[in-house]
Amino acid sequence: MRPPKASHCSYCDNCVKDFDHHCFFVGNCIGRRNHREFILFVFFGGFFTLFAIPLSGIAIYDAFVNYPIIEELGEYETPL
């Protein structure tokens with residue numbers, strides 16, 4: 001007999017109370033015991049992604065402005 005508000009996960013074969021979904025990123029079912037941790041994981045993952053995108057853009061812009069590759073290559077002679 002299963003407890004009330006419990007569901008069975010078909011992926012990991014566990015019975016989870018207040019089952020939400022099975023998360024492949026965490027590698028576990030999301031339910032009553034780890035719902036708060038999952039929300040924090042999603043929040044901080046999104047926060048650091050939004051923090052990393054502008055920094056990556058600045059680094060790429062700096063690389064193209066300060067280190068132009070085309071000027072360093074020069075003219076190539078074509079072999080006959």
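**Entry 1: a cut-off to start with**

I count a residue as exposed when its relative accessible area is over 50%, as buried when it is under 20%, and as partly exposed in between. I noted that this is a predicted model. With the cut-off in hand I looked up Ile-58, and its relative accessible area is 55%. That value is over 50%, so Ile-58 goes down as exposed. Ile-58 is found in helix 1.

**Entry 2: the whole chain**

Next I wanted the overall plan. The protein chain has two helices and four strands. Reading from the N terminus, I get the order β-β-β-β-α-α. How much of the protein chain is made up of buried residues? I find 12% of the 80 residues.

I also looked up the surface. The accessible surface of the protein chain comes to about 7,400 Å², and carbon and sulfur atoms hold 65% of that area. Then I checked contacts along the sequence. Among contacts with a separation of 6 or more, 0% come from residues 24 or more positions apart.

I turned to the aromatic side chains. The structure holds four aromatic pairs. One of them joins Phe-43 and Phe-44, with 5.2 Å from centre to centre and 70° between the planes. I wrote that pair down as edge-to-face.

Another pair is Phe-44 with Phe-48. Why is the pair of Phe-44 and Phe-48 stacked? Their ring centres are 6.4 Å apart and their planes meet at 25°. The cut-offs ask for centres within 6.5 Å and planes under 30 degrees apart, so this pair counts as stacked. I note that Phe-44 therefore takes part in an edge-to-face pair with Phe-43 and in a stacked pair with Phe-48.

Where do Phe-44 and Phe-48 lie? Both are in helix 1, which covers residues 35-66. They are four residues apart, about one turn of the helix. I also looked up how open Phe-44 is, and its relative accessibility is 39%.

Which residues do the ring pairs link into a cluster? I have Phe-43, Phe-44, Phe-47 and Phe-48 on my list.

**Entry 3: the salt bridge**

I searched for salt bridges, and the structure holds one. Which side chains meet in it? They are Arg-32 and Asp-18, at 2.9 Å from N to O. The pair links distant parts of the chain, 14 residues apart. Arg-32 is in the loop between strand 4 (28-30) and helix 1, and Asp-18 is in the loop between strand 2 (15-17) and strand 3 (21-23).

Are these two buried or exposed? Arg-32 has a relative accessible area of 53%, so I call Arg-32 exposed. Asp-18 comes out at 27%, so Asp-18 is partly exposed.

**Entry 4: positive phi**

I then looked at backbone angles. Asp-18 turned up again: phi is about 50°, a positive value, although Asp-18 is not a glycine. Asp-13 is listed too, with a positive phi near 60° in a residue other than glycine. I place Asp-13 in the loop between strand 1 (6-8) and strand 2. Its relative accessibility is 57%, so Asp-13 counts as exposed.

**Entry 5: Ser-10 and His-22**

Last, I looked up a pair separated in sequence. Ser-10 is in the loop between strand 1 and strand 2, while His-22 sits in strand 3. How many residues apart in sequence are Ser-10 and His-22? I get 12, and 8.9 Å apart in space from C-alpha to C-alpha.

Their accessibilities fall in separate classes. Ser-10 is at 75%, so Ser-10 is exposed. His-22 is at 14%, which is under 20%, so His-22 is buried. What does His-22 touch, leaving out residues up to four places away in sequence? I wrote down Cys-9, Tyr-11, Cys-12, Gly-27, Asn-28 and Cys-29.

Notes:
Residues numbered from 1 in each chain as written. Heavy atoms only, no water. Phe/Tyr/Trp six-rings, centres within 6.5 Å; stacked < 30°, edge-to-face > 60°. Buried < 20%, exposed > 50% of the residue type's maximum accessible area, 1.4 Å probe, protein only. Salt bridge = Lys/Arg side-chain N within 4 Å of Asp/Glu carboxyl O. Contact = heavy atoms within 4.5 Å. Areas by Shrake-Rupley, 256 points an atom, 1.4 Å probe, with all protein chains shown as cover.
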